[in-house]
Amino acid sequence: MPEPLLKAERIVKVYLDGTVALRGVDFEIRPGEIQGLLGENGAGKTTLTKMISGLLPPTSGRLLLGGVPVRLHSPKDALTCGIGMVHQHFALVANFTALENIALGTGRPADQALRASIEELMERTGLGVPLDTPVENLAVGERQRVEILKVLSRAVRVLILDEPTSVLTPVETEELFNFLRRLKEEEGVGIVFITHKLREVLEITDRVTVLRRGEVVGEVMTRETSAKELARMMVGAEFRARGRRPVELMTEIPVEERRVGAERAREPALVVEDLHVPADSGGEAVKGISFELYPGEILGIAGVEGNGQTELVEAICGLREGKGSVRLRGREILGLPPLELYRLGLAHIPEDRWKYGLILSFTVAENAILGRQRSPRFLGRLAMLKWGEVFAHVRELIERFSIQAPGREAPAKSLSGGNQQKLIVGRELSQEPEVVIAAQPTRGLDIGAAEYIRDILLEMRDAGKAILLVSADLDEVLELSDRVAFMYVGTFTAITTPAEVDRETAGLYMGGMKG
Amino acid sequence: MTLDHFWSILFLSLHAMVPITLTAAGEVVGERAGLFNIGLEGILLLSAFTGALGAEAGGWPLGLLVGIGTGAVVGLFFGLINAYWKGNQLITGVGINLFALGFVAFGLRALGTPAFHDVPRDVRLPAIQTPVGGLSPIVFLALVMPFAIHWFLNRTRAGLWVRAVGENPEAADVAGVPVELVRLLATTFGAALAGLAGAYMSISWMGAVTKEMAAGRGFIALATVVFSGLRPILTLAGGFIFGFFDSLATWIANIPGVKEAIPWQFVSMIPYIVTLLVVTGVIGRVRFPKALGVPYRRE
């Protein structure tokens, strides 16, 4: 067995706020091997790699580089030691060209000599990108290649990739995998591949370390394991404990017996017609989308993130300009301000809950009436808030949505992510909306909270609400939706029912094949 | 207006352009790195005062050095507080301005010249004699500096680092760029240029120190940065527009007839109003660095 390139021993990380992210983790990276690091959100994957790449110091424990203990004080130290990381949210300067971004990483000026060496590197690795276009105008897959080139230009021996496929289409993913295989075989680089996707772990890695709640719960050779075993390790015993219908079961129900058939006859709650939404970087993010959303159904929008879902939702919810038509129960609402939409019965569970969902430094009570502060229930004479009513409302929300909060006067930032989301969901649903737009409603939540939110969505559906669910989690969309649309670069490639698609077809739709 | 008038207004404009352009070009570097220094006004005033003292102590070369040094020291403080200690840039800047007002008023009083402190002719920076009048050498520096800064920002590694820490400090950090240090140096450089501009005002252009002498030029320089869209070469245009109207206003105010009819304070508003209009005209179209004004914290 080859000597490990890098060894992490008994790594403990306690954040300043007391959160224990890692509880004594051992980890090894060997040359010419792709090492999977598997775990759910919050399992400690990112924390571990941040320490290996010099972004965070460990609370205790040590790193051994080729058998010698090292301390990494900055990403620069790590790069000097031959450790490079490709971050999930690319560490690129948006208005710099690819060449300038790579120059930044190499510490060299963006001159002809650098250009020549990068061109040579692109030739050797087969990773081609336009060098003189600002990276903000490049596709995500290209940006990732810039990121990888940036790291490789530093002659790294350890390459860490944090969720590299979360933004890629299946085709791009395949290209990335081929490249990684070449890199490990031809250059003997040790690669750490972080993901929560089991299929990818099985496909690309040689060895897998599974993290759960800051501990290593398993380390296995990929060829000796199975998806089921890995899943069990990853989520632990509590997985699917509450008996919701799994996807497989739903697919066996004949299409005509599902809700869709029954609901189609009714009037749609929301009609979107030929909606165009401009993108921030110029061009169109949404290119003429039309659909109808009926009461009592969940219409899921699946797709790799960055294909226009965010812009679509923001246009419908009055947060972004768009052209075309959006009608709520027959009334044109495109361009109306969010407060007005709220009053008309459109609730929005925003994708970015810290930007649009909550004011983190405000109290739970204040957040519970955000957007409803002018309703007669809460607003008294002389523009004074009726705090008695507000507190009663908070109590209702906390009880009904089992929100764990230190108190109604505690700042929203003191709540866990799951409870913050419950607070938003509770607030948005408490007004009995007709239409609910839920964007990435379970992102970043622990399993318990995620399941809870999913149950609430199903409950609302059964209560006759029309729900638009946008999620990058394909399993979630297939599991909850009555109908599902696949979004790819601003258009729907298919609208169908979950029963009619298997994962492979879904992958094709998400990758741009028309249904 | 005769040809002579034209030349004299042009010369006056060039001289009035210098403090704006130097200060703005320096501030472009600081802002590209993500620090927004509204204390420039204070730096101009402080270094005009200290520069004059330096010149009186050791001639104009020392005066210029002391002016630059004053700017650099203030910039260093500003950079330490904001790049390293993650302070509030607006408050720090306001603090610099208030400190300068008090310090210079006190200093002038201590020197026994509370209203007007004359800088003796023999310690002033000698002007270059041309057929149409004397021209300060700093004018040439101000004409060249924006080009040098343009070259620095766009052609050198350090310039790349400056732009990166202002646009995306996380990315710069991950790439091994020392974010705080780059920001500190960038803002210190900018402040040092403002210091030079201040010393220029007292020991070259006006030949005097008064406590109102900055006259909002630090703020006009900030407006010029906006007008330029953070492109250093355009600070020449911004500086010249202000300088031209500044000189024109002085000229108009002194036309016989006008002098008696309109109070000069009224005419003096012209350059400020023009600047305001020009800046409002471009403000929506300027793309500022994404991390401008935002302290960088690793996690």
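In this predicted model, the axes of helix α4 (residues 137–155) of chain B and α5(B) come within 5 Å and cross at roughly 80°. Because angles from 65 to 115 degrees count as roughly perpendicular, α4(B) and α5(B) are described as roughly perpendicular to each other. On the α4(B) side the meeting involves B:Phe152, B:Leu153, B:Asn154 and B:Arg155, and on the α5(B) side B:Gly159, B:Val162 and B:Arg163. Sorted by class, the residues of this contact comprise 3 nonpolar, 2 polar and 2 charged.

Helix α5 of chain B, which covers residues 157–167, also packs with α1(B); here the angle is about 60° and the axes are 7 Å apart. From α1(B), the residues B:Val29, B:Glu31 and B:Arg32 take part, and they meet B:Val162, B:Arg163 and B:Gly166 of α5(B). This contact of α1(B) with α5(B) has 2 nonpolar, 1 polar and 3 charged residues.

Helix α1 of chain B may now be followed along its own length. It comprises 30 residues, numbered 3–32, and at 1.5 Å a residue it should span 44 Å; the C-alpha atoms at its ends are 41 Å apart, which agrees. Within α1(B) there is a kink of about 35° at B:Met17, shortly before the proline B:Pro19. After α1(B) comes B:Gly34, which has a positive phi, near 105°.

Chain A contains an open sheet of 6 strands, arranged in the order β6-β7-β8-β3-β9-β10, with mixed pairing. The edges are held by β6 (83–86) and β10 (215–221) of chain A; each has a single partner strand, so one side of each is left without a neighbour in the sheet. From one strand to the next, the twist averages 20°. A:Arg212 stands opposite A:Glu215 in β10(A).

Helices of chain A accompany this sheet. Helix α1 (residues 45–52) of chain A packs on the sheet and touches β3 (34–38), β6, β7 (158–162), β8 (190–195) and β9 of chain A, while its direction makes about 150° with that of β7(A). Helix α5 (residues 140–152) of chain A lies across β6 and β7 of chain A and runs at about 175° to β6(A).

Another open sheet in chain A has 4 strands in the order β12-β11-β14-β15, and its pairing is antiparallel. Its edge strands are β12 (284–293) and β15 (331–332) of chain A; since each has a single partner strand, one side of each is left without a neighbour in the sheet. Strand β14 (residues 323–328) of chain A pairs with β15(A) over 2 bridges in the antiparallel sense. Here A:Arg327 stands opposite A:Glu332 in β15(A).

Finally, the two chains meet. The contact takes 20 residues from chain A and 16 residues from chain B. On the side of chain A that touches chain B, α2 (75–80) and α3 (98–106) of chain A each supply at least two residues. The most is given by α3(A), with 4 residues. By class, this side of chain A divides into 12 nonpolar, 5 polar and 3 charged residues.

Terms used:
Residues are numbered from 1 along each chain as its sequence is written. Chains are lettered from A and ligands numbered from 1 in the order in which they are written. This is a predicted model: local features need pLDDT of at least 70, side-chain atom pairs count only at pLDDT 80 or more; totals for chains, interfaces and linings use all residues. Two residues are in contact if their C-beta atoms, placed from the backbone, lie within 7 Å. Ala, Val, Leu, Ile, Met, Phe, Trp, Tyr, Cys and Pro count as nonpolar, Asp, Glu, Lys and Arg as charged, and the others, Gly among them, as polar. The expected span of a helix is 1.5 Å times one less than its number of residues. The bend at a residue is the angle between axes fitted to the seven residues ending there and the seven starting there. Two strands pair if DSSP finds at least two bridges between them. Axes are lines fitted to C-alpha atoms, for helices over the stretch in contact, and angles run from 0 to 180 degrees between N-to-C directions. Angles under 35 degrees count as roughly parallel, over 145 as roughly antiparallel, 65 to 115 as roughly perpendicular and the rest as oblique.
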